[in-house]
Amino acid sequence: MRNDDRLRPVDLARCAGVSTQQIRNYEDAGVLPPAARTACGYRIFRDVHLRALLTYRTLGKGYGPVVAARIMQAVHSGDVPGALALVDAAHAGLHQERTALRATGDALRTLTGRPLDAVPQAGLRIGEVAALLGVRTSALRVWEAAGLLTPGREQGTGYRTYGPADVRDARIIHTLRLSHHVFDQIRPVVDGLRREGSTEALRAAVTARGEALTARTRAMLEGAGRLDDYLGSAADLPLSAAGTTTGSTAGGPGPSPG
């Protein structure tokens, strides 16, 4: 390459809005392809390093910095299939999150219009709660074993005691079970209600989470597109040894001025 193709660490740093030391760290970690060195040990970056840097930064918006780094490291070690497998795994994980969120939303719609306010009494026994709901005491024990209910225990006797919130949770579980929801679909609803305090607040949280997942999907698509462009532009470049001097490695020859 011509000398005027050279880029300094500060040139890359300005493009990404990071420090020059971070650029050096990226190259040492394999996020950037190996850089050549001058006789004095200064790094010589090229356009391919700038493209790699922008690819990594774009990937990080959707995949997160850790996964983005692993993707770029796989690419620069010559393992493109491994890099794409990381992309696939991230999209699969996002799909699972979206599926679980949709199940929570469906369960919440089942609760719409149902009288789910907790009874004012405190300290109900298991038989009293079972009679109130019209279920067997064994059902309450199964729900507790599944981690859906956490009733208190009476000192001395160890008997279960159900407060207003426990009765509310039991009513929610019973309602959702009647609609054939499984425990894995019920658990986030109950946990969310405990955290948010009401079905309205939980619905708002579910909506906000859905919007966040949509934004993340868009960011992942942008990152995947940038990665595809980078792979295409660097297809004929031996990235595992691109631009290195004799004896250089992906991590560089050790601490150096540049």
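Figure 1. Residues are numbered from 1 along each chain as its sequence is written, and side-chain values use heavy atoms, with hydrogens and water left out. The protein chain averages a pLDDT of 83, and 84% of its residues score at least 70. Over residues 240-256 the pLDDT is below 50, yet this stretch has 22 contacts in the model beyond near neighbours in sequence; a contact means heavy atoms within 4.5 Å. Where pLDDT is low, the predicted coordinates should not be read in detail.

**Figure 2. The whole chain, with 10 helices and four strands.** Helices (H or I, at least four residues) and strands (E, at least two) are DSSP runs, numbered from the N terminus. If you trace the chain from that end, the elements run α-α-β-β-α-α-α-α-α-β-β-α-α-α. Of the 258 residues, 41% are buried, where buried means under 20% relative accessible area, exposed over 50% and partly exposed in between (1.4 Å probe, protein chains only). Among contacts with a separation of 6 or more, 65% join residues 24 or more positions apart.

**Figure 3. The aromatic pair of Tyr26 and Tyr56, edge-to-face.** The structure holds one such pair. The ring centres are 5.0 Å apart and the planes make an angle of 65°. For reference, rings of Phe, Tyr and Trp (its six-membered ring) pair if their centres lie within 6.5 Å, and planes under 30 degrees apart count as stacked, over 60 as edge-to-face and the rest as tilted. Tyr26 belongs to helix H2 (residues 20-29) and Tyr56 to helix H3 (residues 47-63), so the pair ties together parts that are 30 residues apart in sequence. Both Tyr26 and Tyr56 are buried.

**Figure 4. Helix H3 and its surroundings.** H3 has 17 residues and reaches 24 Å from its first C-alpha to its last, close to the 24 Å expected; the expected span is 1.5 Å times one less than the number of residues. Its buried residues include Val48, Leu50, Leu53, Tyr56, Leu59 and Tyr63. They pack against helix H1 (9-16), H2, strand S2 (43-44), helix H4 (65-76), helix H5 (80-111) and helix H10 (199-233). Just after H3, Gly64 takes a positive phi of about 90°.

**Figure 5. Helix H1, where Pro9, Asp11, Leu12, Ala13 and Ala16 are buried.** H2 and H3 are among the elements that cover these residues. Gly17 follows H1 and has a positive phi, near 70°.

**Figure 6. Helix H10, with 35 residues.** From first C-alpha to last, H10 reaches 51 Å, close to the 51 Å expected at 1.5 Å a residue. Among its buried residues are Leu202, Val206, Leu213, Met220, Leu227 and Tyr230. The buried residues of H10 pack against H3, H4, H5 and H9. Look also at Glu196, placed in helix H9, which is partly exposed with a relative accessible area of 33%. Leaving aside neighbours within four places in sequence, Glu196 is in contact with Ala201, Leu202 and Ala205.

**Figure 7. The crossing of H5 and helix H8 (residues 164-178), at roughly 100°.** The axes come within 10 Å, each axis being a line fitted to C-alpha atoms, for helices over the stretch in contact, with angles running from 0 to 180 degrees between N-to-C directions. That makes H5 roughly perpendicular to H8; angles under 35 degrees count as roughly parallel, over 145 as roughly antiparallel, 65 to 115 as roughly perpendicular and the rest as oblique. Ala107, Thr110 and Leu111 in H5 meet Ile172, Thr175 and Leu176 in H8.

**Figure 8. Two loop residues, Pro34 and Arg136.** Pro34 sits in the loop between H2 and strand S1 (36-37) and is buried, with a relative accessible area of 2%. Its C-alpha is separated by 8.7 Å from that of Phe45, 11 residues apart along the chain. Arg136 is in the loop between helix H6 (126-133) and helix H7 (137-145). Arg136 is exposed, with a relative accessible area of 69%, and the C-alpha atoms of Arg136 and Ile126, 10 residues apart along the chain, are separated by 9.3 Å.

Notes
Predicted model: local features only at pLDDT ≥ 70, side-chain atom pairs only at ≥ 80, totals over all residues. pLDDT = per-residue confidence, 0-100.
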